[in-house]
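Please read them alongside the coordinates.

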Amino acid sequence: MDYREFYQEIQKGTLRPVYYFVGMEEFTKESALRALEEKTLSSDTKVLNHTVLQGSGLEIDVLQEAIETLPMLADRRMVVVEDAAAFFSGCLKSKGQSKRLFALLGGGGGNHATGFCATRQAGIQTHKSVGRAIVFGHV
């Protein structure tokens, strides 16, 4: 999926449970995250339903807790993992951890949107198997 397809889906209100933003265009990725945030979160309950985690050193248990937390006073919540390449590289070293990660991400439940942000292509091939990668190249 490229960024055009992403924005078309967002405009239609089609929200997937997991997005992986990758590419060197930081401004474009940030804009996409803001668009996803606007569609996912109400301004009234944003502070209650928006979690940002740093990928470096992130434990899968912490991510799981954030994803499985039910939204408060809203239909959805949003979990963002910044520097996702560091997180994925750590999880993918262990076969058990990688299975757990993909079960968690693939399980979806409809009450959250999770965004992973990476500046490089690292980890993109593995995550493409989940089918929700958005590549932000030169616009």
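**Notes on the predicted model**

1. Helices α1 and α2 cross with left-handed geometry; a crossing counts as left-handed if the near helix is turned anticlockwise from the far one by less than a right angle, and as right-handed if clockwise. The axes of α1 (residues 3-12) and α2 (residues 26-40) come within 10 Å and cross at roughly 15°, which makes α1 roughly parallel to α2. Angles under 35 degrees count as roughly parallel, over 145 as roughly antiparallel, 65 to 115 as roughly perpendicular and the rest as oblique. Axes are lines fitted to C-alpha atoms, for helices over the stretch in contact, with angles running from 0 to 180 degrees between N-to-C directions.

2. On the α1 side, F6, Y7, I10 and Q11 make the contact, and on the α2 side T28, S31, A32, A35, L36 and K39; contact means heavy atoms within 4.5 Å. Six of the residues in this contact are nonpolar, three polar and one charged. Ala, Val, Leu, Ile, Met, Phe, Trp, Tyr, Cys and Pro count as nonpolar, Asp, Glu, Lys and Arg as charged, and the others, Gly among them, as polar.

3. This is a predicted model, in which local features need pLDDT of at least 70 and side-chain atom pairs count only at pLDDT 80 or more, while totals for chains, interfaces and linings use all residues. Residues are numbered from 1 along each chain as its sequence is written, and side-chain values use heavy atoms, with hydrogens and water left out.

4. The protein has seven helices and five strands, in the order α-β-α-α-β-α-β-α-α-β-α-β from the N terminus. Helices (H or I, at least four residues) and strands (E, at least two) are DSSP runs, numbered from the N terminus. Of the contacts with a separation of 6 or more, 78% join residues 24 or more positions apart.

5. Of the 139 residues, 43% are buried; buried means under 20% relative accessible area, exposed over 50%, partly exposed in between (1.4 Å probe, protein chains only). In α4 (residues 60-68) the buried residues are I60, L63, A66 and I67. They fall within an arc of 125° seen down the axis, so they line one face of α4; the arc is that of the directions from the helix axis to the C-beta atoms. Exposed E65 and E68 sit on the face of α4 turned away from its buried side.

6. In α5 (residues 84-91), A84, F87, F88 and C91 are buried. Their arc around the axis is only 95°, which puts them on the same side of α5.

7. T45 lies in the loop between α2 and α3 (46-49). T45 is buried, at a relative accessible area of 8%. Beyond its neighbours within four places in sequence, T45 contacts M72, L73 and A74.
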